[in-house]
Amino acid sequence: MPVFGELELRTIAGGLPAMKDLDTEAWELPKAEILQLACEVADGTRVLLPRALHPAIPEYVTFVVTRYPESPVGPFNLAQVRLMARAGVHPRGYVLGAVASSPAAMTALRERWGYPTVAGEITLRHYHDRVAAIVRRDGKTILEMALVDPEIIAGGDLQYIHAITLARVDGAAQLVQVDPHYTLHQASRGRAEVSRFEPAAWNAVLVELTTPISASAATCDTDLPRIRFVMDPETPVVRGTRKVR
Amino acid sequence: MKFGLFYELSVPRPWTRESERTVYTNALEQVKLADELGFDQVWAVEHHFLEEYSHCPAPELFLTACAMVTKRIRVGFGIVVCVPEFNHPIKIAERTAVLDILSGGRVEVGTGRSATWTELAGFNASPDVTKKSWDEFVRCLPRIWTSEKFEFEGEFWSMPRRTILPKVYQRPHPPMWVAVTSPGTELDAADRGLGSLGLTFGQFAEQDKRIAEYRRRIQLCEPVGEFVNDQVSTVNFLYCHEDDAAALKTGRQMANHFNYLAAQLISVRETYPSKSYPSLGLLPQLRRQATGPDASEQAGEGLCLGGPERITRALKRWEACGVDRVNFLINTAETIPQAEVLASLRLFGREVMPTFNGGKS
């Protein structure tokens with residue numbers, strides 16, 4: 001059997017986002033722009049991963065910065081750091097940390113989908129030779145990354161992995177699957193470049209970047225959907241998954 | 001129809017000093033029995049870094065050991081990864097030739113290009129060009145084996161004129177195959193006159209279509225070798241037991257374990273967008289089979305798990321699809337005790353094999 005995560009849940013239980021319930025309504029999010037980088041990391045991240053999940057082989061993280069020009073709470077940007085994993089046989093990105101650019105989005109993402117969002121400033125810019133993102137918090141840059149030398153690819157060449165958040169639901173810690181749909185309009189890929197990453201700001205103190213893997217950028221219509229599955233963070237998902245709807 | 005064994009050599013955790021040796025030793029014992037029972041071939045796949053799923057980085061060494069303890073069974077060197085960062089083509093040609101000599105001309109060569117980020121990045125190989133390097137390799141290998149002297153200048157490798165020794169024992173050279181996981185790769189095989197070494201456990205309807213198109217295309221091929229290998233091989237699980245229900249239960253455990261371990265791998269497409277890997281290949285299907293709504297029905301659609309009659313029906317259906325060979329995974333991560341694996345092989349050999357090929361192996 002593959003190895004499992006080794007997160008001591010009690011060490012982070014006090015700071016988990018509290019969700020109102022699992023009856024979250026979906027948000028339609030048209031014309032979103034997504035910049036995603038993937039990077040291998042040094043061994044040792046297993047202690048950040050809930051025991052229900054298997055670490056990827058090799059361990060790697062993704063950085064996902066998204067601009068949502070339209071949403072029920074107005075335009076906002078969202079930045080996430082995800083530790084990539086397996087929920088049973090399914091690839092998933094466990095959200096270690098997240099920053100939202102508006103207070104309304106920050107609150108809604110915490111309460112409705114369990115994202116561990118905090119407030120910050122996020123810029124996402126397209127240049128002729130790169131797509132770049134900067135995330136700042138309390139006046140300090142905590143992530144600076146870019147897709148360098150973009151080349152157009154088919155939308156079908158991109159695959160987005162569903163996210164899993166860890167939140168408190170009805171008083172108990174639960175893993176929450178967030179599985180958006182994507183209708184891609186434009187996509188590109190290029191070299192991944194992370195020039196600044198402050199792990200502590202993303203609840204990722206043990207994450208040490210090693211080998212950049214890839215970078216992609218896309219414009220798409222997407223959503224934040226209704227919640228379909230939750231999982232017990234301490235039990236292998238094969239036994240600990242509950243279908244919500 | 002011919003039958004064979006197919007090895008990834010999976011090793012379950014916890015790993016001890018003896019666990020890998022046990023897996024290899026058990027596999028050798030299985031191959032020896034398969035040879036006695038009349039199985040036609042044994043394949044071993046080259047993989048690197050794939051924890052538990054496959055501890056088989058040097059299949060030609062394992063196959064040499066197989067050849068030394070058997071008399072007739074053919075040894076399938078493959079999938080050998082035709083990417084220069086993994087293997088120099090001269091070394092592939094040389095190792096094939098040595099194995100062919102030692103086995104007395106029993107080698108078959110399966111070619112491929114790897115489908116995991118775990119492996120490709122481990123060798124610092126770009127996923128974007130693996131199909132091109134594979135193409136260059138498969139065009140060179142038969143020329144290396146059949147030319148007295150060889151020189152080459154290509155995109156991925158070059159060499160001045162040399163005599164590459166030894167030569168393969170078979171004349172003109174061993175049959176060549178292509179590993180087929182992604183839809184469409186069987187056409188790459190057909191266009192080059194190479195056998196289709198299917199690695200998917202696919203459903204009959206899909207396989208029917210793919211095999212028909214392969215058969216059509218290979219009629220028009222420009223063979224890269226001295227002859228056309230127009231055979232279609234597929235892979236399957238095998239667990240045969242007199243008690244149908246018990247066989248299904250045990251066999252499903254093995255199949256699910258295999259699918260679970262396979263799903264842990266990082267496919268190229270999961271993390272590296274590239275038109276060189278347009279599909280996820282084997283993995284989505286395995287995930288579906290392991291956990292999807294059809295998981296409990298998987299033995300009903302062509303898997304060789306059950307009693308002899310059930311397995312015979314499944315194989316007859318594959319035969320009707322146009323499959324020439326079926327290679328079996330007979331255990332995964334030692335899920336099934338060795339004595340039961342051997343008993344399953346014996347029962348298959350006694351009850352199922354005689355119903356094919358007029359009872360001749």
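Reply: Asp170(A) is exposed, because its relative accessible area is 72%, where exposed means over 50%, buried under 20% and partly exposed in between (1.4 Å probe, protein chains only). The structure is a predicted model, in which local features need pLDDT of at least 70 and side-chain atom pairs pLDDT 80 or more, while totals for chains, interfaces and linings use all residues. Residues are numbered from 1 along each chain as its sequence is written, chains are lettered from A and ligands numbered from 1 in the order in which they are written, and side-chain values use heavy atoms, without hydrogens or water.

Asp170(A) sits in the loop that joins β11 (163-169) to β12 (172-178) of chain A; helices (H or I, at least four residues) and strands (E, at least two) are DSSP runs, numbered from the N terminus. Its phi is near 50°, a positive value in a residue other than glycine. Most residues other than glycine have a negative phi, and most peptide bonds are trans. Chain B also has a residue with positive phi: Phe49(B), at near 70°. Phe49(B) occupies the loop between β2 (41-44) and α2 (59-68) of chain B, and its relative accessibility of 42% makes it partly exposed.

One runs from Ile57(A) to Pro58(A), with omega near 0°, and Pro58(A) is placed in the loop between β3 (54-55) and β4 of chain A. Another runs from Arg171(B) to Pro172(B), with omega near 5°; here the proline belongs to the loop between β6 (158-162) and β7 (176-180) of chain B.

Charged pairs come next. Side chains of opposite charge can pair when their charged atoms come close. Over all chains, 39 salt bridges are found, each being a side-chain nitrogen of Lys or Arg within 4 Å of a carboxyl oxygen of Asp or Glu. One of these joins Arg245(A) to Asp23(A), with the closest N and O atoms 3.0 Å apart. Arg245(A) is in the segment after β16 (241-243) and Asp23(A) in the loop between β1 (18-19) and β2 of chain A, so the pair ties together parts 222 residues apart in sequence. Arg245(A) is partly exposed at 33% relative accessibility, as is Asp23(A) at 44%.

Glu70(A) and Lys31(A) form a salt bridge at 3.3 Å, N to O. This pair links the loop between β4 (60-68) and β5 (76-87), which holds Glu70(A), with strand β2, which holds Lys31(A), 39 residues apart. Glu70(A) is partly exposed, at 37% relative accessibility. In chain B, Lys32(B) pairs with Glu36(B), their closest N and O atoms being 3.4 Å apart. Both lie in helix α1 (residues 19-37) of chain B, four residues apart, about one turn of the helix. Lys32(B) is partly exposed at 38%, whereas Glu36(B) is exposed at 51%. Elsewhere, Asp129(A), Arg130(A), Asp149(A), Arg191(A) and Glu193(A) are linked in a salt-bridge network.

Between the chains, 26 residues of chain A are in contact with 27 of chain B, contact meaning heavy atoms within 4.5 Å. The area buried between them is about 2400 Å², of which carbon and sulfur atoms give 52%; this is the accessible area (1.4 Å probe) lost on putting the two together, summed over both. Two salt bridges cross this interface. Arg189(A) and Asp128(B) meet in a salt bridge at 2.8 Å, N to O. On the side of chain A that touches chain B, the elements giving two or more residues are β2 (27-41), β6 (90-100) and β14 (209-224). Of these, β14(A) gives the most, with three residues.
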